[in-house]
Amino acid sequence: MRNLLDSVKSVLLMGAGPSSVAPSTYHALSHNTIGHMDPDFLSIMEELKAGLRVLFGTENALTMPLSGTGSLGMEASFVNLVEKGDKVLILQNGVFGTRMVDVAGRLGAQVTELSFEWGTPVDVEAVKAALAKDTYKIVAVVLAETSTGVKNPVAEIGALLKGMDTLFLVDAVTAIGGMELKVDEWGIDVCYAGSQKCIACPPGVAPITFSDRALKAVAERKSKVPNWYVDTTLLAQYLGGGKRVYHHTAPINMMYALYQAVYNILEEGTDKVYARHMEVHKYLVEKLSAMGFEMLVDEKYRLPMLNTVKVPEGVDEAELRSRLMKEYNIEINGGLGSLAGKILRIGLMGYNATYDNVDRLIDAMKEILGK
């Protein structure tokens, strides 16, 4: 076996994730590993949970980091809430909405998929009409659709569900740490996220939060949660606080990293962080427009941290991305699904959301396209 670690190069990660990591967060990873039941680790976990509540905009007691990527957060959300035959309405306008459909279907849910054109937001009036036709146990949507760069109107959808027994499930993987997120105010019952985007931590941890209503639904299930690893009734005994019961060995050093990354956001101030993402996003759009590029998404619904750019006629987007990586050590991504070959996806996430990084990318693109 060869040791290839020394050959890993430094890449400016300006794609759809993961994003680049701050030196302080890398340093946190190097701290001594201690036991997963060590009082010092549990104290760190409690502080981390408090920080995550700030980023989620919630006071939910069961707010915790799951040992796995954001996709585990999605799985955990559906596995805990869905029983066979439950009616689930999924609002889909991108790749990650389609993944919700897949996961819910695998659990035996009666899934209604309300689809919208990729690159456009969920239509609240269409959701209102769907809710008038049938009753659902769960309505699910992605707040920040990574595949299209669209910000969905989650607050307005939550307002439609107010007073209903329907549970509201939201994907905030790309949103958390980079834009406003108000779980309690928007009536969200389960919200999951990831560590590797605007939180600017390496991938491997999935923050998640459950409302009391959601936990009541789990407690009243007719059958056991089918996935032992993410059963909240078990996880709450380990990560929820109070007397601790061993469940699994948490990735200690990854939790250190998430702790530091969340600390960095709170130290800068969430309002300042969100404003920085928006300001740098506008700067990028301005620079791209000057080069003749157009944005895919209407301004009102654009994400600040994930920018989708139409590929102009005559530009080979695959070659552009390849040369950015090979010649400039900059990573951006292409489109997925129906948008493959049609767009570029440029991330401005967390530690990466700076004017200098935009200038570095734009200068490299100019040199490549000029050649």
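Strands E3 (residues 87-92) and E4 (residues 110-115) run parallel, joined by 6 bridges. This is a predicted model, so read the geometry here as that of the prediction. Within the pair, Ile90 sits across from Glu113 of E4.

## The three-stranded sheet

There's also an open sheet of 3 strands, ordered E11-E14-E13 and paired antiparallel. Its edge strands are E11 (306-310) and E13 (333-334), each of which pairs on one side only. E13 meets strand E14 (residues 343-347) through 2 bridges, in the antiparallel sense, and Asn333 has Arg345 of E14 as its bridge partner. Helix H10 packs on this sheet, touching E11 and E14, with its direction about 15 degrees from that of E11.

## H10 and its helix neighbours

H10 (residues 270-290) also packs with other helices, and H12 (residues 355-370) is one of them: their axes come within 10 Å and cross at roughly 20 degrees. Angles under 35 degrees count as roughly parallel, so H10 and H12 fall into that class. The crossing is right-handed. On the H10 side, the contact uses Glu279, Val280, Tyr283, Leu284, Lys287 and Leu288, while H12 brings Tyr355, Val358, Asp359, Ile362 and Met365. Sorted by class, that's 8 nonpolar, no polar and 3 charged residues.

What about H9 (residues 252-268): at what angle do H9 and H10 pack? The angle is about 95 degrees, with the axes 5 Å apart, and the two helices are therefore roughly perpendicular. Ile265, Leu266 and Glu268 of H9 meet Thr270, Lys272, Val273 and Arg276 of H10. This contact of H9 with H10 splits into 3 nonpolar, 1 polar and 3 charged residues.

## H11 against H12

H12 has a contact with helix H11 (residues 317-328) as well; the two axes come within 10 Å and cross at roughly 110 degrees. Angles of 65 to 115 degrees count as roughly perpendicular, which is why H11 and H12 get that label. H11 passes H12 in a right-handed crossing.

From H11, the residues in contact are Leu320, Arg323, Leu324 and Tyr328; from H12, they are Arg360, Leu361, Ala364, Met365, Glu367, Ile368 and Leu369. By class, the contact of H11 with H12 comes out at 8 nonpolar, no polar and 3 charged residues. Met365 of H12 turns up in this contact and also in the one with H10.

How values were computed: Residues numbered from 1 in each chain as written. Predicted model: local features only at pLDDT ≥ 70, side-chain atom pairs only at ≥ 80, totals over all residues. Heavy atoms only, no water. Pairing = 2+ DSSP bridges. Helix = DSSP H or I, 4+ residues; strand = E, 2+ residues; numbered from the N terminus. Axes fitted to C-alpha atoms, helices over the stretch in contact; angles between N-to-C directions. Parallel < 35°, antiparallel > 145°, perpendicular 65-115°, else oblique. Left-handed = near helix turned anticlockwise from the far one by under 90°. Contact = heavy atoms within 4.5 Å. Nonpolar A, V, L, I, M, F, W, Y, C, P; charged D, E, K, R; others polar.
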